[in-house]
Amino acid sequence: MRENDRRRFIKQSVLGTLGTLLGTEVVFAIPEGYTPLLFDNDRDALKGKSTEMVVLNDRPWNVEAPAHLLDDAVTPAEKMFIRNNGIVPETIDVKGWTLTINGESAETKKVYTLDDLKKKFKPYTYQLTLECGGNGRAGYFPSTAGNQWTNGGISCAEWTGVRLRDILEDAGIKDDAVYIGYYGKDIHPSREPGKVVISRGVPIKKALEDESLIAWAMNGKDIPVVHGYPLRLVLGGWPASVSGKWLHTISIRNKVHDGPKMTGKSYKVPIHPVEPGVDPPEDQFRIIESMPVKSLITYPQTGATLDLGKTLNLRGHAWAGDLEVKQLEISIDFGATWQKASLKAPKNRLAWQHWTAEVKFPKQGYYEVWARATDSQGVSQPMVMPQWNPEGYINNSCHRIAVKVV
Ligand SMILES: Nc1nc2c(c(=O)[nH]1)N[C@H]1C(S)=C(S)[C@@H](COP(=O)(O)O)O[C@H]1N2
Ligand SMILES: [Mo]
């Protein structure tokens, strides 16, 4: 078949699928790049979201929270960032929804209904930090392609489900298992039937941790559609791209999972530091695993005004991938001096930690408050731009807010 014919064939099959979903035939050709309005249901993605959320992209949806909106101890749905690589599934058949475990390193192929998962296995609830690997990308110079996240591609909600380990062990894990990979039901932006937009995974060791969940509930309710209803993988502390939404299959692999966005340079950084602007060949990259130590000032909002002599009560969260945060410090003089904040233990492993600090200012004027977290291995957030990388991942530089003392 010539390339042209093949393209036309794919297009016709897409049209056929569109017709089926619309429940009737598409009479006049739809111009390329258009979605039939009737089921442009992706517009619903913002339903119930705070009006203060910032849209970075609407095709696909990439929406972040300004830092002050993340003040809650547990992130509510309306303030949770959205990162979609494709289109939200248009039809979700909850009654018929199944989870399949398969792959070279699965002893047996097993299929579970949602009821099986809920009734046959013990449920667990954990608060889990999910941060997009590209969070902070806007802070890199030279700038890199991709959604320009500032600080708000981070959440810590309470997830309920079964342990991934219990399900994998129920199917049987062969000795040669190396990785797991997920598959979700979202639609490729091209609408090509069966084309997978993202299918990532983690080494078997991370998959078997206590906190690795196959979740059906978020903050005690059904998972919101845009966040993966009715079933989602939730693996805290790693780039959130490994937490597959609209989950229908998990493959136990005998090699590093090779689904879309596991290959090429996606979610990878150079093995050796490169000069800003330098893009080394593919074999010089490694997959991002645990996310680096980071923190946010969630109160007050940047631009706050305070009367001289008053104490400013600051608060926020800090997290450190697979590790714990051991110290949080505040500076009002661009790092010349630091003051220790009071830092709480996490609710559970892989949950973010809350901190508070009281700050006094010496005289009227403009100040910046900087927050710096240090992880349990003694590694701190950099005040300046961290190691530049071609895809603009893992920028964990300090968060800062402006304060005016009057
Ligand atoms: N099926 C599926 N899962 C997915 C994605 C996606 O596009 N499709 N995006 C991933 C990425 S890159 C991130 S950062 C998180 C975002 O989760 P949220 O939108 O619930 O905040 O979901 C991950 N899981
Ligand atoms: Mo992401």
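**Ground rules.** I am working from a predicted model, where local features need pLDDT of at least 70, side-chain atom pairs count only at pLDDT 80 or more, and totals for chains, interfaces and linings use all residues. Residues are numbered from 1 along each chain as its sequence is written, chains are lettered from A and ligands numbered from 1 in the order in which they are written, and side-chain values use heavy atoms, with hydrogens and water left out.

**Ligand 1.** I looked up what surrounds ligand 1 and got 18 residues, the closest being Phe81, Asp186, His227, Arg232 and Lys245; to count, a residue needs a heavy atom within 4 Å. By class, I noted eight nonpolar, six polar and four charged residues in that shell. Nonpolar here takes in Ala, Val, Leu, Ile, Met, Phe, Trp, Tyr, Cys and Pro, charged is Asp, Glu, Lys and Arg, and the others, Gly among them, are polar.

Aspartate 186 puts a side-chain N or O atom 2.6 Å from a nitrogen atom of ligand 1. Taken alone, ligand 1 exposes 530 Å², and the protein buries 100% of that (Shrake-Rupley method, 1.4 Å probe).

**Lysine 265.** I found lysine 265 in the loop between β13 (247–253) and β14 (268–270); strands are DSSP E runs of at least two residues, numbered from the N terminus. What does lysine 265 touch, leaving out residues up to four places away in sequence? I listed Asp279, Pro280, Pro281, Glu282, Phe285, Glu391 and Tyr393, with contact meaning heavy atoms within 4.5 Å. Its side chain makes a polar contact of 2.9 Å with that of aspartate 279. Phenylalanine 285 is 20 residues away along the chain, yet the two C-alpha atoms are separated by 6.9 Å.

Most residues other than glycine have a negative phi, and most peptide bonds are trans. I noted a cis bond from tyrosine 229 to proline 230, omega near 5 degrees, with proline 230 in the loop between β11 (221–222) and β12 (232–234). Another cis bond joins tyrosine 299 and proline 300, omega about 0 degrees. Tryptophan 246, in the loop between β12 and β13, has a positive phi, near 50 degrees.

Notes:
Helices (H or I, at least four residues) and strands (E, at least two) are DSSP runs, numbered from the N terminus. A polar contact is a pair of N or O atoms within 3.5 Å; within protein, one must be able to donate a hydrogen and the other to accept it, and residues adjacent in sequence count only if both atoms are side-chain atoms.
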